[in-house]
Amino acid sequence: MSHQTMTAKPQLAPARSFHHGNLRQALIDAALSAPDIERLSLRQLASGLGVTAAAAYRHFANREDLLFEVARIGFDRLKHRFEAAFDISAPPSDATEARQRLIRLGQAYLQFADDMPALWRLMFGSQAEVYRNTANFHGARNSYEFLPAALTGLYQQDLITTKPDEHDALFAWSAIHGAATLRSGRVPAALAPISDLAMGVADRIILALK
């Protein structure tokens with residue numbers, strides 16, 4: 001591999017036309033559409049939109065400021081997918097529903113990673129702790145509440161015998177996130193249909209926590 005190939009900057013998709021009054025949103029949209037969000041710079045985004053770097057800096061103090069906002073949007077999108085998986089405000093009606101909640105949660109996460117790989121990498125990459133904190137503004141419900149709720153549902157329906165704690169949640173999260181990571185790395189066993197992969201991971205989590 002040549003030095004030029006190794007150091008090439010990520011290419012941005014052609015920018016759509018926009019009104020300069022919407023530059024902030026245009027910068028966010030351009031970042032969301034980039035194949036490698038973590039490596040973006042405000043200058044690069046501004047150039048792609050045909051504006052000066054100074055114009056971009058009027059909307060975001062620095063690169064990290066933009067990435068915080070993009071990550072916040074990502075966590076909000078993930079939360080909406082989790083909300084579609086199950087109603088966190090109501091306990092599962094029976095053991096079958098408790099198991100299905102965990103499966104659907106895994107499916108939602110795996111599908112998100114497949115659909116938005118660059119955004120997923122930003123949210124759960126090397127600076128994940130900083131970005132994750134942006135999901136907790138104003139004390140609103142966030143995506144991190146759904147897995148503990150799903151595990152609690154398993155306990156309520158006697159699918160696991162001990163009330164789950166943060167270590168159990170960490171174990172379950174590691175299994176689901178690990179499957180998504182292996183899938184992104186094209187590991188053959190992780191490339192099964194998402195429904196099958198999510199079911200297998202969920203059933204192994206239940207078995208391990210019994």
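In the predicted model, helix α2 (residues 23–33) packs against helix α5 (residues 63–85) at an angle of about 70°, and the two axes are 10 Å apart. This angle makes α2 roughly perpendicular to α5, and the crossing of the two helices is right-handed. On the α2 side, the contact is formed by Arg 24, Leu 27, Ile 28, Ala 31 and Leu 32, which meet Leu 66, Glu 69, Val 70, Ile 73 and Arg 77 of α5. By class, the contact of α2 with α5 comprises seven nonpolar and three charged residues, with no polar residue.

The buried residues of α2 are Leu 23, Ala 26, Leu 27, Ile 28, Ala 30, Ala 31 and Leu 32. The packing partners of these buried residues are α3 (42–49), α4 (53–57), α5 and α7 (117–123).

The crossing of α6 and α9 is left-handed. Here Ala 98, Arg 99, Leu 102 and Leu 105 of α6 meet Phe 146, Leu 147, Ala 150, Gly 153 and Leu 154 of α9. The residues of this contact of α6 with α9 divide into seven nonpolar, one polar and one charged.

Seven aromatic pairs are found in a search of the whole structure. One of the pairs, Phe 86 with Phe 146, is edge-to-face, with 5.6 Å centre to centre and 70° between the planes. The pair links distant parts of the chain, since Phe 86 lies in the loop between α5 and α6 (95–115) and Phe 146 in helix α9, 60 residues apart. Phe 86 is buried, at 5% relative accessibility, and Phe 146 is likewise buried, at 0%. Phe 146 is also one of the α9 residues that meet α6.

The pair of Tyr 109 and Trp 173 is edge-to-face as well, at 5.4 Å centre to centre and 80° between the planes. This pair, too, links distant parts of the chain: Tyr 109 is in helix α6 and Trp 173 in helix α10, 64 residues apart. Tyr 109 counts as buried at 2% relative accessibility, whereas Trp 173, at 25%, counts as partly exposed. Both residues belong to a cluster in which ring pairs link Phe 75, Tyr 109, Phe 124, Tyr 144 and Trp 173.

Phe 124, another member of this cluster, is placed in the loop between α7 and α8 (128–132). Its relative accessibility of 13% falls under the 20% limit, so Phe 124 counts as buried. Leaving aside residues up to four places away in sequence, Phe 124 touches Phe 75, Leu 78, Tyr 109, Tyr 144, Trp 173 and His 177.

His 177 is located in helix α10 and counts as buried at 18% relative accessibility. With the same exclusion of residues up to four places away in sequence, His 177 touches Tyr 109, Trp 120 and Phe 124. The C-alpha atoms of Phe 124 and His 177 are separated by 9.2 Å, although the two residues are 53 residues apart along the chain. Tyr 109 is touched by both Phe 124 and His 177.

Backbone geometry was considered last. Most residues other than glycine have a negative phi. Asp 158, which is not a glycine, has a positive phi of about 65°. Asp 158 lies in the loop between α9 (146–156) and α10 (166–184) and is exposed, with a relative accessible area of 65%. Arg 186 likewise has a positive phi, near 65°, and is found in the loop between α10 and α11 (194–209). At 59% relative accessibility, Arg 186 counts as exposed.

Note on methods:
Residues numbered from 1 in each chain as written. Predicted model: local features only at pLDDT ≥ 70, side-chain atom pairs only at ≥ 80, totals over all residues. Heavy atoms only, no water. Helix = DSSP H or I, 4+ residues; strand = E, 2+ residues; numbered from the N terminus. Buried < 20%, exposed > 50% of the residue type's maximum accessible area, 1.4 Å probe, protein only. Axes fitted to C-alpha atoms, helices over the stretch in contact; angles between N-to-C directions. Parallel < 35°, antiparallel > 145°, perpendicular 65-115°, else oblique. Left-handed = near helix turned anticlockwise from the far one by under 90°. Contact = heavy atoms within 4.5 Å. Nonpolar A, V, L, I, M, F, W, Y, C, P; charged D, E, K, R; others polar. Phe/Tyr/Trp six-rings, centres within 6.5 Å; stacked < 30°, edge-to-face > 60°.
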